[in-house]
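Trainee: Could you walk me through how to read a few features of this model?
Mentor: Gladly; let us look together.

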Protein chains: 2
Amino acid sequence: MRSPVPINAKPASIKDIARLAEVSHATVSRALRNSPLVEPKTAERIQRIARESGYRTSAAARSLVTRRSNTVGVVVTSIADPFVAGVVSGIEDTANQHGFCVFLANSHAEPDREVSVVRSFEERRVDGIIVAASRVGAQYEELLSHVQVPIVLLNNQHPSVFAHSVTIANAQASIEVTRHLIALGHRRIAYLGDAQGYQSDTERFSGYRKALRAAGLPLDRRLVVRGDGKPESGRTAMARLLVLADPPTAVFCYNDLSALGAMREIRDHGLNVPHDISVAGFDDLYISEYMDPPLTTVRQPMQQMGSMAMERLLQIIASGDAGPDVEVPGELVVRGSTAPPKKDL
Amino acid sequence: MRSPVPINAKPASIKDIARLAEVSHATVSRALRNSPLVEPKTAERIQRIARESGYRTSAAARSLVTRRSNTVGVVVTSIADPFVAGVVSGIEDTANQHGFCVFLANSHAEPDREVSVVRSFEERRVDGIIVAASRVGAQYEELLSHVQVPIVLLNNQHPSVFAHSVTIANAQASIEVTRHLIALGHRRIAYLGDAQGYQSDTERFSGYRKALRAAGLPLDRRLVVRGDGKPESGRTAMARLLVLADPPTAVFCYNDLSALGAMREIRDHGLNVPHDISVAGFDDLYISEYMDPPLTTVRQPMQQMGSMAMERLLQIIASGDAGPDVEVPGELVVRGSTAPPKKDL
DNA sequence: ACAGTCGATGCACACGTGTTCATCCCCGTA
DNA sequence: TACGGGGATGAACACGTGTGCATCGACTGT
């Protein structure tokens, strides 16, 4: 069942190549890196020999002397979250483009995992860390602030000193969503948020509140419910709204997955989206335009944000610093899940 | 904006700890690994000093001598694919559990990326590789067969010698889906597949064919269309089916994302799922039960499959070999997207 | 012909860790 | 007291690569 090559054959080293080419290992080292110090002809010969013998430079040995691993660590709550997956995809693409490899680790928002992951990254001497965990508790902050390599936070700009960030304009985008619902004629608009203490939730809720206030609408605390950002909890949170004596005519959801669950619950109550209740989300997952009805939401350029975070990190690694924190705008995408409320309400 | 710690401060080495503890670096090495050779009292003292000075063992230096990196490489077509993300989540969880870190790399099914990724993994001396790329072309196979570390293929058992595999019982599950549609009374059942030459597609199609034959139904080539596994191509492929003079009354889709697009196209033609056309998928993404209607599909235990692949790899790394290849069964999950065909057809 | 210059290459050390072997010290026993 | 044994520790080498410095040969200009 296995290849004919013995599995424990130790890989060819630079010295093996040197012996074959009848030069010193120093010359091989230079030749393989295309140093101008070595004569073109011998360089070519050495490279040919290396190629033929399947030589692969040992990144471990190299990084030991260069103090660079060309490696970054990425911590996420869960890669199974489609938003996170989009971001990581962007990160990996630009990392690969620059010769970097990415270590991926789930934290599942468990403090134990968080410390073990960061420790592991430190041991592996990553050149930088990207945290897309959305929640940076006090203990986690303490941990990260002692890390010796640059850190970029994604969707979590931290008030403190130890990290740079790439975020989306949560408040502004939320204002636009809420304004959109108000403009349609809604007056009882619910907020279905996330209870895990994410900064994004705080900011999105604050945008929702501001828009209400600007329109002279009251903030009804009973219309504010929270889940965990997954469909099932969106569903149960929506259920709490539907049993109200005076249920909302529109719901602004923390993210598209919550909205998915909310829509499901609404249908199961025999109501129609958007005819009876309008639903808006946040993220614009690439399934969202295929939902029935297609979901009104805020487009968050996930891949691009990941890409920006990575480029930012690379710049810090190279030049020691990057400019001010980046905030990308969100784009309101109006689709079929939002409509004017029924006249008789 | 930065931590007070100078960024280029070189991390404490084992020798620094040795100096502080007034012992040799050998003793430190032993103490940190809890070797019985060192006196418990001094071991404790050394560990305290190491902890206080924030020492982190250099994985690079260690792996240089141990010839083990405690690292695995994972190649996927795209982490943005929710199925892939589920699998990778399972992989990472069990890897982390065993002290391993995972390198994640997208290949985007581009041959260039594939070779560069594998080369990069080799340089980093990963202890093993998991390929969840679903497609292993001739060139890729040639590449992988020369790799010196164990390889586990996911959903792509390869007839050759160089790799182990974890797969789902594609053919059997597809037979069950098709049988389910036949049992509902359908006689014109389409197959909406994947055109990228994935083995999964071949097997699922073959299951579809077998079930038709077993029921004495003819295979109509016009009812077989293919896309790329994403919603948009599911939509366009469905469009080709809808313009037929005698369109199908049911569609079995290669995966849930294709089904999502197909359902959208059906609705856009003013038709109803499942009343006019039944739709079945494959994967059971965790959004699928929230679709409208909820999707009939085959549950593929993504996380568990990832976990199994990783455990398999670990076993090969540890003991040199693992048993025969693993095939997990798929579970037909019947939901609202499939129903008997209209009587008048 | 000779000194000086420059291009190409080798020598030797460093990076941080694990491990074998030797050394040293302390204790018990003959 | 002398000897042996065992437990704890240090010295030294190896892992594979990069690089400063020395060396060596060839070429140029006088």
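Mentor: Let us start with H4(A), where A:Ala59, A:Ala60 and A:Ser63 are buried, buried meaning that 20 or more other C-beta atoms, placed from the backbone, lie within 10 Å of a residue's own. They cover an arc of only 95 degrees around the axis, so they sit on the same side of H4(A); the arc is that of the directions from the helix axis to the C-beta atoms. This is a predicted model, in which local features need pLDDT of at least 70 and side-chain atom pairs count only at pLDDT 80 or more, while totals for chains, interfaces and linings use all residues. Residues are numbered from 1 along each chain as its sequence is written, with chains lettered from A and ligands numbered from 1 in the order in which they are written.

Trainee: What covers the buried residues of H4(A)?
Mentor: The general idea first: an α-helix has 3.6 residues a turn, so residues three or four places apart point the same way. Here the cover includes H4 and helix H6 (111-123) of chain B, judged by contacts (C-beta atoms, placed from the backbone, within 7 Å). Helices (H or I, at least four residues) and strands (E, at least two) are DSSP runs, numbered from the N terminus.

Trainee: Which elements give two or more residues to the surface near DNA strand D?
Mentor: A residue is near a strand if its C-beta atom, placed from the backbone, lies within 6 Å of it. In this model 26 residues surround DNA strand D, A:Ile14 and B:Ser24 being among the closest. The elements are helix H1 (14-21), H2 and H4 of chain A, together with H2 and H4 of chain B. H4(A) gives the largest share, five residues.

Trainee: And which element gives the largest share near DNA strand C?
Mentor: That is H4(B), with five residues. DNA strand C is surrounded by 26 residues, and the closest include B:Ile14 and A:Ser24.

Trainee: How should I read the sheet in chain B, and which strands stand at its edges?
Mentor: Strands of a sheet pair through backbone hydrogen bonds, either parallel or antiparallel. In chain B, four strands form an open sheet in the order E7-E6-E8-E9, with parallel pairing; two strands pair if DSSP finds at least two bridges between them. E7 (224-227) and E9 (278-280) of chain B are at the edges, each with a single partner strand, so one side of each lacks a neighbour in the sheet. E6 (residues 189-194) of chain B pairs with E7(B) over four bridges, and B:Tyr191 has B:Val224 as its bridge partner in E7(B).

Conventions. A residue is buried if 20 or more other C-beta atoms lie within 10 Å of its own, exposed if 12 or fewer, and partly exposed in between; C-beta atoms are placed from the backbone. Two residues are in contact if their C-beta atoms, placed from the backbone, lie within 7 Å.
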